[in-house]
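Visitor: Please put the model on display. I would then like to take it one question at a time.

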Amino acid sequence: MPDSETTRAGGLPAEISSSIASVWNQYASERPSGAETVIHGNRVKCVLTDAVQMLNEALTTAETDENPDGGRRHTPSTFRNDAIAAVKRVTRRNVVAFMSDHDTQTDVATEIFLLEAPPYQQRSRATHTPGP
């Protein structure tokens, strides 16, 4: 993977944008109007536009609903788990950290994922011994 990729280049960033927008749609019943993903090394940043208000409303409604059909309740915690699972599925790498910031004034959400180092980097770190 090059040092930095963006959604406009297609490929992996576009797949991540689509997957995160799909997760968002499951929770908010509407996709954000825009999703752009940038990958830089082990960091994945996805910016979703026109998204925060609809997700907040959906999560607030889900918290007060009785959920009579016995289905899974949508909460910030389940959103986090689903977003992490989506990025893990697309990248085929574990997510070791997730940070989320939702700006209600601009209606923009930023989801940042820190990926586990690829196996070849893990091996080289594990076998590296500093000199005397």
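Visitor: Is arginine 92 buried or exposed?
Guide: Arginine 92 has a relative accessible area of 77% in this model, which is predicted. Buried means under 20% relative accessible area, exposed over 50%, and partly exposed in between (1.4 Å probe, protein chains only). Because 77% is over the 50% cut-off, arginine 92 counts as exposed.

Visitor: Which numbering and which limits apply to the model?
Guide: Residues are numbered from 1 along each chain as its sequence is written, and side-chain values use heavy atoms, leaving out hydrogens and water. Totals for chains, interfaces and linings use all residues, whereas side-chain atom pairs count only at pLDDT 80 or more and local features need pLDDT of at least 70.

Visitor: What is the phi of aspartate 107?
Guide: Most residues other than glycine have a negative phi. Aspartate 107, in the loop between β4 and β5, is buried, with a relative accessible area of 17%. Its phi is positive in a residue other than glycine, and lies near 60 degrees.

Visitor: In what order do the elements of the protein run from the N terminus on?
Guide: The secondary structure comes to four helices and five strands. From the N terminus on, the order is β-α-β-β-α-α-β-β-α.

Visitor: Which span should the 16 residues of α3 have?
Guide: The expected span of a helix is 1.5 Å times one less than its number of residues. The end C-alpha atoms of α3 are 22 Å apart. This agrees with the span that 16 residues should have, which is 22 Å.

Visitor: What covers the buried residues of α3?
Guide: The buried residues of α3 are Thr78, Phe79, Asp82, Ala83, Ile84, Ala86, Val87, Val90 and Thr91. One of them, valine 87, is in contact (heavy atoms within 4.5 Å) with Ile16, Ile20, Arg92, Val95, Phe113 and Leu115, leaving aside neighbours within four places in sequence. The cover of the buried residues includes α1, β4 and β5.

Visitor: How many aromatic pairs does a search of the whole structure find?
Guide: Rings of Phe, Tyr and Trp (its six-membered ring) pair if their centres lie within 6.5 Å; planes under 30 degrees apart count as stacked, over 60 as edge-to-face and the rest as tilted. By that rule, the number of aromatic pairs in the whole structure is three.

Visitor: How many residues apart are tryptophan 24 and phenylalanine 79?
Guide: The two form an edge-to-face aromatic pair, 5.3 Å centre to centre with 90 degrees between the planes. Tryptophan 24 is in helix α1 (residues 11-28) and phenylalanine 79 in helix α3 (residues 76-91). Tryptophan 24 is buried at 0% relative accessibility, and phenylalanine 79 is buried at 4%. The pair links distant parts of the chain, its separation being 55 residues.

Visitor: Which residues do ring pairs link into a cluster?
Guide: The rings of tyrosine 27 and phenylalanine 79 have their centres 5.5 Å apart and their planes at 90 degrees, so this pair is edge-to-face. It joins α1 to α3 across 52 residues. Both tyrosine 27 and phenylalanine 79 are buried. The cluster linked by ring pairs is Trp24, Tyr27 and Phe79.

Visitor: What polar contact joins the side chains of threonine 78 and tyrosine 27?
Guide: A polar contact is a pair of N or O atoms within 3.5 Å; within protein, one must be able to donate a hydrogen and the other to accept it, and residues adjacent in sequence count only if both atoms are side-chain atoms. Threonine 78, in helix α3, is buried with a relative accessible area of 15%. Its side chain meets that of tyrosine 27 in a polar contact of 2.9 Å.

Notes: Helices (H or I, at least four residues) and strands (E, at least two) are DSSP runs, numbered from the N terminus.
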